[in-house]
Amino acid sequence: IDFYFARTLTPAVVVSSNATFIKALVQAIGNQHNVHSIQNVQAGTYKMMKSLYDPNDTPNLRDDILQFGKGAYVAVELKCPTIDGQLCIREIIEDSPSMTAFSTTKS
């Protein structure tokens with residue numbers, strides 16, 4: 001986490017099956033000065049980013065993060081209990097879209 005705040009390792013990703021630990025970690029990071037947090041995001045049901053076919057007001061994690069402004073520090077608690085939920089976060093963590101994440105009936 002020290003590397004994250006020193007801007008030598010961004011974004012930082014912590015993966016754990018211990019939900020209590022992750023919740024406490026996101027809360028602790030969110031309590032830091034000038035750090036925002038978004039908690040309890042269900043990756044399998046909440047859109048990571050909207051597609052071209054979605055209405056402009058479609059809720060999605062990308063816009064939630066961007067609302068804090070350019071250069072803002074944001075800690076996000078992503079809950080990914082299923083394989084599909086885990087694949088849905090790939091376009092944010094790896095910055096490369098996965099086929100599952102972009103498979104919709106609209107495309």
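**Backbone and burial features of the predicted chain**

Asn40 is found in strand 1. In this predicted model, Asn40 has a positive phi of about 60 degrees although it is not a glycine. With a relative accessible area of 42%, Asn40 is classed as partly exposed, because a value of 42% falls between the limits of 20% and 50%.

A positive phi of about 65 degrees is also found at Asn34, again a residue other than glycine. Asn34 is placed in the loop that connects helix 2 (19–30) with strand 1. The relative accessible area of Asn34 is 53%, and the residue therefore counts as exposed, the threshold being over 50%.

Thr58 occupies the loop between strand 1 (35–42) and helix 3 (61–66). Its relative accessibility is 15%, so Thr58 counts as buried, given the cut-off of under 20%. A polar atom of the Thr58 side chain lies 2.8 Å from the backbone oxygen of Pro55. When neighbours within four places in sequence are left aside, Thr58 is in contact with Lys47 and Lys50.

At the level of the whole chain, 6 helices and 2 strands are present, arranged along the sequence in the pattern α-α-β-α-β-α-α-α. The chain comprises 107 residues, of which 24% count as buried. Its accessible surface amounts to about 7,700 Å², with 55% belonging to carbon and sulfur atoms. Of the contacts between residues at least 6 apart in sequence, 51% join residues at least 24 apart.

Definitions and conventions. Residues are numbered from 1 along each chain as its sequence is written. This is a predicted model: local features need pLDDT of at least 70, side-chain atom pairs count only at pLDDT 80 or more; totals for chains, interfaces and linings use all residues. Side-chain values use heavy atoms; hydrogens and water are left out. Helices (H or I, at least four residues) and strands (E, at least two) are DSSP runs, numbered from the N terminus. Buried means under 20% relative accessible area, exposed over 50%, partly exposed in between (1.4 Å probe, protein chains only). Contact means heavy atoms within 4.5 Å. Accessible areas come from the Shrake-Rupley method with a 1.4 Å probe; for residues, only the protein chains shown count as cover. A polar contact is a pair of N or O atoms within 3.5 Å; within protein, one must be able to donate a hydrogen and the other to accept it, and residues adjacent in sequence count only if both atoms are side-chain atoms.
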